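Subject: Structure handover

Hi,

Here is the structure for your files. My notes on what turned up follow below it.

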Amino acid sequence: MRDLIFNAMVNIIRENLKIINEKMMTAVEKSGRKPDEIKLLAVTKMVPIFTIKAAIEAGLQEFGENYPEQAVEKIENLSFEQIKNFYQTQIKNKPVTIIIFGDPKLIDLKTIKSKYGKINKLSNN
């Protein structure tokens, strides 16, 4: 039953994405901009992980979350393949900001800095 609901949700999101993309392309043409100058960002504020997984399956690739505590929970529920696909399509060879939550005393900042470069600490707490 859960798979049936999931597949139905994927199909609904996929159909909605077609409509949204058509409207976006019409707006791009009218504005004189190039299609690669715009992006569709799905905001997951208050959206359950089940729906986010269906959106990923339907083809959405970029997500935003207003609440950091919910972002962590959602990221933890994604599969390795979903995270790897996101990395390969959205992050690889692009400048990135990585946000680390946790006790600074337990995080090896030297290793992170040697791998990723500049570090900006927002809080020492």
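**Burial and overall make-up**

Of the chain's 125 residues, 14% count as buried (under 20% relative accessible area; exposed is over 50%, partly exposed in between; 1.4 Å probe, protein chains only). This is a predicted model, where local features need pLDDT of at least 70, side-chain atom pairs count only at pLDDT 80 or more, and totals for chains, interfaces and linings use all residues. Residues are numbered from 1 along each chain as its sequence is written, and side-chain values use heavy atoms, with hydrogens and water left out.

The chain has five helices and two strands (DSSP runs, numbered from the N terminus: helices are H or I with at least four residues, strands E with at least two). From the N terminus, the order is α-β-α-β-α-α-α. The accessible surface is about 10,300 Å² (Shrake-Rupley method, 1.4 Å probe; for residues, only the protein chains shown count as cover). Carbon and sulfur atoms hold 56% of that surface. Of the contacts between residues at least 6 apart in sequence, 44% join residues at least 24 apart (contact: heavy atoms within 4.5 Å).

**The core**

The largest nonpolar core has ten residues: Phe6, Val10, Ile13, Leu17, Ala42, Phe50, Ala54, Ala55, Ala58 and Leu60. A core here is a set of buried Ala, Val, Leu, Ile, Met, Phe, Trp, Tyr and Cys residues joined through side-chain atoms within 4.5 Å. Helix 1 and helix 2 each supply at least two of its residues. Val10 is in contact with Ala54, Glu57 and Ala58, leaving aside neighbours within four places in sequence. Buried residues in helix 2 are Phe50, Ile52, Ala54, Ala55 and Ala58. After helix 2 comes Gly59, with a positive phi near 120°.

**The aromatic pair**

There is one aromatic pair (ring centres of Phe, Tyr or Trp, its six-membered ring, within 6.5 Å; planes under 30 degrees apart are stacked, over 60 edge-to-face, the rest tilted). The ring centres of Phe6 and Phe50 are 5.5 Å apart and the planes are at 75°, so the pair is edge-to-face. Phe6 lies in helix 1 (residues 2-31) and Phe50 in helix 2 (residues 49-58), so the pair ties together parts 44 residues apart in sequence. Both Phe6 and Phe50 are buried.

**The surface**

Met1 sits in the segment before helix 1. Met1 is exposed, at 75% relative accessible area.

Best wishes
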